[in-house]
Structures are given as C-alpha cells and as structure tokens.
Amino acid sequence: MAFRTADFRVKGKVQGVFFRVFARDTAQQLGVVGWVKNDPAGDVIGTAQGKEDALAKFKEALHQGPPHANVTSVEFTNEASLERVQFQGFEKIRNRRPEASWSGGRS
C-alpha cells in the first residue's frame, strides 16, 4: 500500500483560533499522521502523511480551517510517495516561550 507525505504552511489568521487543534483532530479522524505547530512568522506549519485519499481530504480541510480562522493560502512542499508512514500519530507541538532569566533578586 502506498502512502504520501507533504509539508504544509498555512497563512492568514491561523494562530490563536485553535487551528492546531483543528488540524490534529481532522488528521486523527482521517488516519493521517504527522505534526503541526505555530511558526514565529504567524503561520501554522507541519508535516502530514497517510493514504493518498486521506491526505487529499486533510489538505482540503487545511484550506477551510476552524470557524474563527481566516486562511489566505496553503502551501504544500516536499510531496512524495512513501512505502510506510514515519510517524505513529498526529502531534500538536506546543511552542515553548523563551525562559526569562531570573536572578532571584540578586544582582
């Protein structure tokens, strides 16, 4: 059975509107694996892998997004065939905020 992979970048109002949760939930419903995270530039990026028909439906869903999103464009790169997927599930990666240095009140 052949699988497909694609990296994606979603542009528009896609942060702060539960886009990553939407992508993860949609992927899980379709049997797509990979990851999604916020990009510092304001986009949402990720990699998705799965059966060709499932991946096509996932790609369509990215163009819609959740109710409060306003998707202006979706770019797909590094599309290729795979013999097997390289992930076990679909992960919503949380961006870490830079840790503030704390001196404990000492200079």
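Lys-59 is a residue of helix α2, where helices (H or I, at least four residues) and strands (E, at least two) are DSSP runs numbered from the N terminus. The model is predicted, so to speak from the outset: local features need pLDDT of at least 70, side-chain atom pairs count only at pLDDT 80 or more, and totals for chains, interfaces and linings use all residues. Residue numbers start from 1 along each chain as its sequence is written, and side-chain values rest on heavy atoms, with hydrogens and water left out.

The side chain of Lys-59 makes a polar contact with that of Glu-79 at 2.7 Å; such a contact is a pair of N or O atoms within 3.5 Å, and within protein one must be able to donate a hydrogen and the other to accept it, while residues adjacent in sequence count only if both atoms are side-chain atoms. Leaving aside residues up to four places away in sequence, Lys-59 touches Phe-76 and Glu-79, contact meaning heavy atoms within 4.5 Å.

Turning to the sheet, 5 strands form an open arrangement in the order β4-β1-β3-β2-β5, with mixed pairing; two strands pair if DSSP finds at least two bridges between them. β4 (70–82) and β5 (90–92) are at the edges with a single partner strand each, so one side of each has no neighbour in the sheet. β1 and β3 run antiparallel and are joined by 8 bridges, with Thr-5 partnered by Gln-49 in β3. β2 (residues 33–38) and β3 (residues 44–51) are also antiparallel, over 6 bridges, and here Val-36 stands opposite Gly-46 and Lys-37 is bridged to Ile-45. These two strands form a hairpin with 5 residues between them, and Gly-42 in its turn has a positive phi of about 105°. Since 7 of the 8 residues of β3 are buried, β3 is largely enclosed by the rest of the structure; buried means under 20% relative accessible area with a 1.4 Å probe, protein chains only.

Beyond four places in sequence, the contacts of Val-32 include Ala-27, Ala-48, Phe-58 and Phe-90.

Confidence averages a pLDDT of 91 over the protein, and 88% of the residues score at least 70, on the predictor's per-residue scale from 0 to 100.

Terms used
Buried < 20%, exposed > 50% of the residue type's maximum accessible area, 1.4 Å probe, protein only.
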